[in-house]
Amino acid sequence: MKKIGIIMGSDSDLPCVSKAVDTLKSFGVPYEVHVFSAHRTPKEAKEFSENARANGFGAIIAAAGMAAHLAGAVAANTTLPVIGIPIKSGYLNGIDALLSTVQMPSGIPVATVAIDGAVNAALLCIEILAVNEPELAQKLDEKRKNDAAKVIEKNMAVEAQFNN
Ligand code: RP5
């Protein structure tokens with residue numbers, strides 16, 4: 001199975017990014033985690049992105065806060081799918097990172113999830129891999145069913161509390 005590359009601009013992004021790691025782990029998807037900054041360590045970020053396909057990656061998650069150009073910079077150097085996570089931080093609480101990540105000019109796509117949307121970033125990567133991995137597709141179906149069952153249970157509890 002292809003690996004997922006998880007990169008972040010700073011280790012201060014880890015509290016959010018670790019949720020993506022946990023999600024990939026729960027599906028048994030292989031991954032690597034790195035801190036590469038588009039502005040502090042641009043050479044390392046470029047080298048990783050340029051070699052990612054040859055090194056067995058199937059998609060890359062790039063998480064960054066503030067003037068977040070990491071996902072775009074990674075996407076500039078690979079044609080693997082890149083999922084951007086705008087990190088909530090600083091004076092603007094992630095709105096800056098959201099706009100920096102989502103507003104990519106035509107030609108270099110970055111699929112952007114919600115601010116701090118680490119779980120969805122991982123799920124999107126799993127969905128990408130599941131195109132060629134039937135077992136992963138089955139696990140995704142099971143998760144949807146389990147999630148729905150939990151909501152149905154909560155609905156029953158709420159209905160029992162408020163409806164006669
Ligand atoms: C971005 O700046 C990082 O992705 C991080 O979210 C933010 C702050 O970085 P630190 O100053 O905490 O290293 O590059």
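**Close-up views of a predicted model**

**View 1. The open sheet.** Five strands, in the order β2-β1-β3-β4-β5, form an open sheet with parallel pairing. The edge strands, β2 (31-35) and β5 (111-112), each pair on one side only. Strands pair here if DSSP finds at least two bridges between them; helices (H or I, at least four residues) and strands (E, at least two) are DSSP runs, numbered from the N terminus. The model is predicted: local features need pLDDT of at least 70 and side-chain atom pairs count only at pLDDT 80 or more, whereas totals for chains, interfaces and linings use all residues. Residues are numbered from 1 along each chain as its sequence is written, and side-chain values use heavy atoms, with hydrogens and water left out.

**View 2. Strands β1 and β2.** Strand β1 (residues 3-8) runs parallel to β2 and is joined to β2 by 5 bridges. Within this pair, I7 has H34 of β2 as its bridge partner. In general, strands of a sheet pair through backbone hydrogen bonds, either parallel or antiparallel.

**View 3. Helix α1 on the sheet.** Helix α1 (residues 14-26) lies across β1, β2, β3 (57-65) and β4 (82-87). The helix runs at about 175 degrees to β1; axes are lines fitted to C-alpha atoms, for helices over the stretch in contact, and angles run from 0 to 180 degrees between N-to-C directions.

**View 4. The loop between β1 and α1.** D11 is located in the loop between β1 and α1. This residue is exposed, with a relative accessible area of 55% (buried means under 20%, exposed over 50%, and partly exposed in between, with a 1.4 Å probe and protein chains only). D11 and Y91 are 80 residues apart in sequence, and their C-alpha atoms are 19 Å apart in space.

**View 5. Packing of α5 and α6.** Helix α5 (residues 118-130) packs with helix α6 (residues 134-162) at an angle of about 140 degrees, their axes being 8 Å apart. The two helices, α5 and α6, are therefore oblique to each other (angles under 35 degrees count as roughly parallel, over 145 as roughly antiparallel, 65 to 115 as roughly perpendicular and the rest as oblique). In α5, L123, I126, E127, L129 and A130 meet P134, L136, A137, L140, K143 and R144 of α6, contact meaning heavy atoms within 4.5 Å. By class, the contact of α5 with α6 has 8 nonpolar, no polar and 3 charged residues (Ala, Val, Leu, Ile, Met, Phe, Trp, Tyr, Cys and Pro count as nonpolar, Asp, Glu, Lys and Arg as charged, and the others, Gly among them, as polar).
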